[in-house]
Amino acid sequence: MDRVKAEGYKAIVLTADATVGGNREVDKRNGFVFPVGMPIVEEYLPDGAGKTMDFVYKSAKQKLSPRDVEFIAAYSGLPVYVKGPQCREDVERSLDAGASGIWVTNHGGRQIDGGPAAFDSLQEVAEAVDKRVPIVFDSGVRRGQHVFKALASGADLVAIGRPVIYGLALGGSIGVRQVFEHINEELRTVMQLSGTQTIEEIKHFKLRHNPYNPTFPVDPRDLKLY
């Protein structure tokens with residue numbers, strides 16, 4: 001945290017729900033280990049190269065509590081975003097501990113594959129937060145339409161992971177830029193087709209057929225099979 005402050009970072013994200021790696025059977029079959037030369041491994045875990053994802057996770061603190069949020073915020077003097085809450089109770093615990101933001105995620109379904117999709121948790125989290133702090137959303141975002149839906153469901157910021165990594169692998173910095181350009185272009189198209197002109201208007205857009213929203217119940221008798 002001393003380095004974070006010294007180098008001018010603006011916030012700290014505490015991932016609260018990934019103290020161990022999930023049961024990633026594909027990684028096990030493929031024998032995946034961290035390659036040599038990855039700064040995230042070498043800089044913070046000198047003996048991490050050549051080790052599994054689970055080894056890297058287990059090298060972090062294993063028992064987190066609201067006191068950790070309080071300590072990080074007090075020591076660093078920076079806003080702390082808690083990454084992982086998916087229900088009202090965890091939101092309240094995080095905010096009571098001094099969290100300055102909530103990050104909704106299920107880590108792309110790689111931690112607990114039977115857990116709820118991040119999008120299915122977003123509205124409950126947004127209602128619990130009630131605009132007290134910003135909400136970041138990720139997991140499964142592949143298109144501009146996904147960004148639109150997340151913003152309309154309560155997110156203030158949408159984070160994108162795998163598409164950016166794919167762009168980086170295929171085309172370096174140019175590939176990354178093209179990924180963002182494509183998503184932004186699609187978002188602009190969805191905005192125009194939905195009659196919204198600004199991000200703020202998206203946030204007030206009412207999505208239909210969202211199973212969480214009791215305003216639009218789905219009666220099975222109305223479903224037609226083709």
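Predicted model: local features only at pLDDT ≥ 70, side-chain atom pairs only at ≥ 80, totals over all residues.
Starting with the overall picture, the protein chain has 226 residues, and 34% of them count as buried. Its secondary structure comes to ten helices and five strands. Looking at contacts with a separation of 6 or more, 58% are between residues 24 or more positions apart. The chain exposes about 14,500 Å², with carbon and sulfur atoms supplying 56% of that area.

The five strands make up an open sheet, paired in parallel and running in the order β1-β2-β3-β4-β5. At the edges stand β1 (12-15) and β5, and each has a single partner strand, so one side of each goes without a neighbour in the sheet. Further in, strand β2 (residues 80-83) pairs with β3 in the parallel sense over three bridges; Tyr-81, for instance, has Gly-101 of β3 as its bridge partner. Strand β3 (residues 101-104) is covered on both faces. Gly-101 and Trp-103 point to one side, Ile-102 and Val-104 to the other, and all four are buried. Over at the β5 end, β4 and β5 are joined by two bridges, again in the parallel sense, and Phe-137 stands opposite Val-158 in β5.

Two of these strand residues turn up again in the core. The largest nonpolar core has 39 residues, and the members touching the most others are Val-104 and Phe-137. As for individual elements, helix α9 (residues 162-194) gives the most to this core, with seven residues. As a general matter, nonpolar side chains in soluble globular proteins tend to be buried together. Once neighbours within four places in sequence are set aside, Val-104 is in contact with Pro-85, Ala-118, Ser-121, Leu-122, Val-125, Ile-135, Val-136, Phe-137 and Asp-138.

Helix α8 deserves a paragraph of its own. Its buried residues are Gly-144, Val-147, Phe-148, Ala-150, Leu-151 and Ala-152. The elements that cover them include α7 (118-129), β4 (135-137), β5 (157-158), α9 and α10. After the helix comes Gly-154, with a positive phi near 125 degrees.

Phe-148 also takes part in ring packing. The structure holds four aromatic pairs, one of which brings Phe-148 and Phe-205 together edge-to-face, with 5.2 Å centre to centre and 75 degrees between the planes. Phe-148 belongs to helix α8 (residues 144-152), while Phe-205 sits in the segment after α10 (199-203), so this pair ties together parts 57 residues apart in sequence. The two rings differ in their cover. Phe-148, at 4% relative accessibility, falls under the 20% limit and so counts as buried. Phe-205 has a relative accessible area of 26%, which lies between the 20% and 50% limits and therefore makes this residue partly exposed.

Finally, two lysines are placed over aromatic rings. The charged end of Lys-51 sits over the ring of Phe-55, 4.2 Å from its centre. Lys-5 lies over the face of Tyr-75, and here the distance to the ring centre is 4.8 Å.

Technical notes:
Residues numbered from 1 in each chain as written. Heavy atoms only, no water. Core = buried A, V, L, I, M, F, W, Y, C linked by side-chain atoms within 4.5 Å. Buried < 20%, exposed > 50% of the residue type's maximum accessible area, 1.4 Å probe, protein only. Contact = heavy atoms within 4.5 Å. Phe/Tyr/Trp six-rings, centres within 6.5 Å; stacked < 30°, edge-to-face > 60°. Lys NZ or Arg CZ within 6 Å of the ring centre and 35° of its normal. Areas by Shrake-Rupley, 256 points an atom, 1.4 Å probe, with all protein chains shown as cover. Pairing = 2+ DSSP bridges.
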